[in-house]
Amino acid sequence: MDTKSESLTKYKMWIGGEWTEATSGAYFESYNPYTGKPWALMPRAGAADIDRAVQAAHQAFTAGAWPKMTASQRGALLRKLGDLITDNADALAKIEVRDNGKLFSEMRGQTAYMAQWYYYFGGLADKIEGAVIPSDKADTFNYTEHEPLGVVAAIVPWNSPLLLTAWKLAPALAAGNTAVIKPSEFTSASLLEFCKLIEKAGFPPGVVNAVTGFGDEAGAPLIEHPLVAKITFTGSDKTGQRIYETAARGMKRVSLELGGKSPNIVFDDADLDNAVKGAISGIFAATGQTCIAGSRLLVQRSIHDRFVDKLVAFAKTARIGDPMSLDTQVGPVTTPPQYKKVLDYLDIAKSEGATTALGGNRAEEFGGYFVEPTIFTGVRNSMRIAQEEVFGPVLAVIPFEDEEDAIAIGNDVVFGLAAGVWTQSMRRAFLMAKRLQAGTVWINTYRAVSYLSPFGGYKRSGIGRESGQEMIKEYLQTKSVWISMATEVPNPFVMR
Ligand code: NAD
C-alpha cells in the first residue's frame, strides 16, 4: 500500500457481530466525487468473506436469539434502530455526501426520513396474520401462517445507498429473515457506519451482515451462495438480468428494482410555472442520478417553445458546486465510469441531431466529476438519448400533439418505472394515470416516495415492489397446516 493510502479512513466489514477485515487483507479506495480524490479504504471481500457472512446469517436464522424472538420483540428492535437513525441522521448524511457527492441539503432529509421504514415495518412485524381456511373435509382443521424465507442477500447501488438498504432491510427483518448486504463498491462507507447503529440497537450477531467489494468478486458469490434464499437487488437492468438468471438456477426468490426512462408529460392546460419546477426536480435534482429521473420531457406542441424558454431560464439559475454547501443545487456525478457515460451521451445526443438548448459539456471549473445541467430539444423518441438511461443531468425534450400521442410516446420505451403528468384537467389526470405503463404515476408532482406506498417497475424496470404493507409478503412464504380430528385414518389408497 502506498503512503498516500495511510492517511485514509480505514473501514472494517460487519460479519457475524464482529468488525473484520477481508480474509485476503486487501482493501480498495473510495473516492470523494467532489474532489475526485480517495478518502477511505474499504475491505475487498472475496468468496471466502461472502461465505463467512452467509454462514453467519444462516446461523443467526436457525439458532440463537433471533428465531426465538416474538414478532413484537423484532418490531421493538426495528423501532429502536429507527430512533438511532433519527439521532444520527446528520452524521450519516455527511458520510453519504462525502462518498457519493449528493447534496447535503437532500441527504440529511433522506437519512432522517429513512427512519420511517424501520418504524413502519417495525410496527407491521406483529400484524402479519395467517388465516383459518374453511375446510371442505370432515373433521379437519386447516390454517395458514407466514414464515420468513431465511438469508436475504441485499445488493444496492451507489445513488442512495442507505435509503435503498432501508427499503430492503426493514421488511426483511420485520418478517424474521436475516440479511447480508453488499453496497456498491463506489459508496460503501455509509452502510458500515450504519452497522454501528445495528450493533448499538442490539441485534443478535449475524442477523445483519455487511460485506464490501466489487460485483464480480463479492456480488457474484453472494447471489450464487446456496444458503441464500432470496435476492433483493437495486441497480442497472444489465446486472439485474444476470442476477435473475443466477436466481433461476438456484431457485431463489428475487425482487429487482432496475432503471428507468420516465416520461414527464406537460399538457397545454398545466400550470406552467409548476410544471417547470416539476421538470427541473425530475432531472436536475440529485444530478439526475435517480432511477425515477423524468429524463424524457414530453411537451405539448402548442406550448412547446414557450415552455422550453421558461425551463431553460429556470435551469440556468441552478447553482453547481460543493455538495456540502446548503446553497448548492446540482452536485457532481458520483463515479468516474458514470461521469464518462454521461459525457458519452452528450456526444451521442449531438451526433443524433438533437439541439443543445442548455449545457451540453463537462463543467470543468468545479473540479471533480461535474457536468453542466443539459437540455436537448428536437429529440425524437427513437433516438438513443430518448431510449437509454443516462443517469445524469441530461434532459431530452420531445414534442407531442395530443393525449393519444403522449400515451404512445410515453409508453414507447422498454422501461416502466415512473411517469409524471402536468395538467389541470381531472379527466386527463385519471386517463393518463390509467394508460401510462409505469409502477408510479405522479400528477402535478414528481419524485414523491413513501414507506406507505408500493414502489417498483413495469416492464424492464423490475420485478416486485418495495414499501407499503403488501410487499412484506415478498419476504415471507405461506405454510398451510392441516390437522385431522378424526379418530381413524380413512382409506389410505385414496387422496383426501
Ligand atoms: P450496477 O448494476 O452496476 O450495480 C449495482 C450493484 O450490483 C452494486 O453493488 C454492484 O457491485 C453489484 N453487482 C455488479 N455486478 C454484480 C454481479 N455480477 N453479481 C452481483 N452483484 C453485482 O448499478 P449501479 O451503477 O450501481 O446503479 C445505477 C443503476 O441503478 C441505474 O441503472 C439505476 O436506474 C438503478 N437504480 C434503480 C433504482 C430502483 O429502485 N429502480 C434505484 C436506484 C438505482
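Student: Let's start with the lining of the largest pocket. How do its residues divide into nonpolar, polar and charged?

Tutor: They divide into 16 nonpolar, 13 polar and 12 charged residues. Keep in mind that this is a predicted model.

Student: Which elements and domains supply the lining of the largest pocket?

Tutor: At least two residues come from each of α9 (215-224), β11 (228-234), α10 (237-250) and α13 (336-351). The largest share belongs to α10, with 7 residues. As for domains, domain 1 (3-258 + 461-479) and domain 2 (263-443) each give at least three residues to this lining.

Student: What is the volume of the second largest pocket, and which residues are closest to its centre?

Tutor: Its volume is about 320 Å³. Of its 16 lining residues, Gln110, Leu163, Ile292, Arg447 and Val449 are the closest to the centre. Two or more residues come from each of α6 (104-124) and α7 (161-174). By class, this lining has 8 nonpolar, 5 polar and 3 charged residues.

Student: Where does the second largest pocket lie relative to domain 1 and domain 2?

Tutor: Both domains give residues to the lining, so the second largest pocket lies between them.

Student: Let's move on to aromatic residues. How many aromatic pairs does a search of the whole structure find?

Tutor: The search finds 18. To read one, look at the ring centres and then at the angle between the planes, since planes under 30 degrees apart count as stacked, over 60 as edge-to-face and the rest as tilted. Take Trp66 and Phe203: their ring centres are 6.1 Å apart and their planes are at 45°, so this pair is tilted. Trp66 is in helix α3 (residues 65-68) and Phe203 in the loop between α8 (189-201) and β10 (208-210), so the pair ties together parts 137 residues apart in sequence.

Student: Are Trp66 and Phe203 buried or exposed?

Tutor: Both Trp66 and Phe203 are buried. Now consider Phe141 and Tyr143, with ring centres 6.0 Å apart and planes at 45°, so this pair is tilted. Phe141 is partly exposed, with a relative accessible area of 36%, and Tyr143 is partly exposed at 25%.

Student: Which residues form an aromatic cluster?

Tutor: Tyr113, Trp117, Tyr120, Phe121, Trp167, Tyr451 and Phe455 form one.

Definitions and conventions: Residues numbered from 1 in each chain as written. Predicted model: local features only at pLDDT ≥ 70, side-chain atom pairs only at ≥ 80, totals over all residues. Heavy atoms only, no water. Helix = DSSP H or I, 4+ residues; strand = E, 2+ residues; numbered from the N terminus. Nonpolar A, V, L, I, M, F, W, Y, C, P; charged D, E, K, R; others polar. Domains from an automatic or database assignment. 1 Å grid on protein atoms, 1.4 Å probe; cavity = no way out; pocket = protein on both sides within 12 Å on 5 of 7 lines; lining within 4 Å. Points joined across faces, edges and corners; volume = space filled by probe spheres on them. Phe/Tyr/Trp six-rings, centres within 6.5 Å; stacked < 30°, edge-to-face > 60°. Buried < 20%, exposed > 50% of the residue type's maximum accessible area, 1.4 Å probe, protein only.
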